[in-house]
Amino acid sequence: MATPTNYRSAAWQERARITVPHDRPHSHALEAERPLPAELPRKRRRRRKRPQWLIAWICLVPALLLFTYFKFLPMLQGARMSLFEVRPYLGDRFVGLANYHDVATNPNFTKAIWQTVVLAVGTTGGSILLGFVLALLTEGQARHLWLVRTAAFLPVVTTMAVVAEAWRIMYYPGPDGVLNSLLNVVGLGPEPFLVSQHQALPSVILVGVWRGAPYDMMIFLAGLATVDRNLYESAAVDGASRLRRFVHVTLPALRPVITILFTLAALRGLRSFTEVFLLTNGAPNGSTEVFMTLLYKLGLEQGQLGVAAAGSMVLFLATAAVTISVNVWRRRVVR
């Protein structure tokens with residue numbers, strides 16, 4: 001007769017035999033037999049990653065080919081032309097940096113550069129300020145605001161040629177012009193606008209502001225949507241007024257957005273061409289001549305392709321300097 005201890009031991013062994021069969025490997029043994037991810041062969045892991053890289057490059061190749069043929073190669077050709085006196089049918093003649101010397105010493109270039117800077121500063125500041133005001137006025141979840149935003153965004157999607165022609169008609173200097181008729185209502189005008197040396201450039205700046213402000217408005221709206229609403233509630237609980245909440249909560253949160261908009265608007269202003277070309281073409285008496293219109297006249301109207309290419313390289317370096325400077329300043333502020 002078995003002792004109680006032997007009985008319990010035999011029962012435990014029987015129960016263990018039923019619950020864990022001998023012909024089934026233990027779970028620990030299964031885990032030990034599984035290879036860890038780090039133990040996978042390197043070749044196998046490389047085979048899994050290689051198709052993803054190939055798919056990405058296959059999708060990028062068509063765009064890279066188009067950019068190379070229509071953008072990068074013409075840029076390299078322009079850099080080469082800036083060192084030559086381009087003479088069609090006679091052969092180009094190497095002149096070195098003489099074209100760049102002409103750009104630096106020609107008074108027409110100096111005047112065009114100054115007016116380009118004025119146009120860029122005016123359109124940049126005006127479009128960002130007006131776009132920010134429009135964003136504050138149209139922010140919200142109300143159903144009618146989508147119609148207001150759509151109407152405000154229409155200038156961006158409208159062709160610049162149509163916009164310039166519409167503004168040229170509104171700028172008609174006679175007393176029956178659209179803007180002069182509005183000025184007559186309040187006892188002002190008529191004003192010459194585009195035919196005046198003192199009013200032509202501000203009139204072109206106004207068109208640039210009207211065209212660029214809706215684009216800046218949409219980016220500001222996207223930035224305002226990311227501002228944490230809890231910060232407004234916390235500031236209100238602390239007794240902060242609307243002005244203080246705007247200064248200490250809204251503006252710091254929109255600092256990256258303002259930096260991006262400043263860069264885009266500045267580059268847009270430095271490369272202004274279509275609106276100036278269609279509204280005034282540099283007139284009257286060169287008071288609205290900007291860098292791009294001057295390069296167009298030198299290269300395609302006067303045949304000085306080498307000088308025009310040198311001017312385009314200078315403009316490229318200026319835009320690159322603005323972009324790099326803004327990025328460096330933004331990184332220092334973030335740090």
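1. Which residue caps the N-terminal end of H5? In this predicted model, Asn106 does so, with a side-chain oxygen 3.0 Å from the backbone nitrogen of Asn108.

2. Helix H5 covers residues 107-138, which is 32 residues. From its first C-alpha to its last it reaches 46 Å, close to the 46 Å expected at 1.5 Å a residue. After H5 comes Gly140, with a positive phi near 140°.

3. H5 packs with helix H12 (residues 255-270): the two axes come within 8 Å and cross at roughly 140°. H5 is therefore oblique to H12, since only angles over 145 degrees count as roughly antiparallel. The crossing of these two helices is right-handed.

4. On the H5 side of this packing are Thr116, Leu119, Ala120, Thr123, Thr124, Ser127 and Ile128. They meet Leu261, Phe262, Ala265, Ala266, Arg268, Gly269 and Leu270 of H12. Sorted by class, the contact of H5 with H12 holds eight nonpolar, five polar and one charged residues.

5. H6 passes H9 in a left-handed crossing.

6. H6 contributes Arg149, Ala152, Phe153, Pro155 and Val156 to the contact with H9. From H9 come Trp210, Arg211, Pro214, Tyr215, Met217, Met218 and Leu221. The contact of H6 with H9 divides into ten nonpolar and two charged residues, with no polar ones.

7. Two backbone features in loops deserve a look. Most residues other than glycine have a negative phi, and most peptide bonds are trans. Tyr89 is not a glycine, yet has a positive phi of about 70°. Tyr89 sits in the loop between strand E1 (84-85) and strand E2 (93-94).

8. The other feature is a peptide bond: the one from Ala283 to Pro284 is cis, with omega near -5°. Pro284 belongs to the loop between helix H13 (274-279) and helix H14 (291-301).

Definitions and conventions:
Residues are numbered from 1 along each chain as its sequence is written. This is a predicted model: local features need pLDDT of at least 70, side-chain atom pairs count only at pLDDT 80 or more; totals for chains, interfaces and linings use all residues. Side-chain values use heavy atoms; hydrogens and water are left out. A crossing is left-handed if the near helix is turned anticlockwise from the far one by less than a right angle, and right-handed if clockwise. Helices (H or I, at least four residues) and strands (E, at least two) are DSSP runs, numbered from the N terminus. Contact means heavy atoms within 4.5 Å. Ala, Val, Leu, Ile, Met, Phe, Trp, Tyr, Cys and Pro count as nonpolar, Asp, Glu, Lys and Arg as charged, and the others, Gly among them, as polar. The expected span of a helix is 1.5 Å times one less than its number of residues. A polar contact is a pair of N or O atoms within 3.5 Å; within protein, one must be able to donate a hydrogen and the other to accept it, and residues adjacent in sequence count only if both atoms are side-chain atoms. Axes are lines fitted to C-alpha atoms, for helices over the stretch in contact, and angles run from 0 to 180 degrees between N-to-C directions. Angles under 35 degrees count as roughly parallel, over 145 as roughly antiparallel, 65 to 115 as roughly perpendicular and the rest as oblique.
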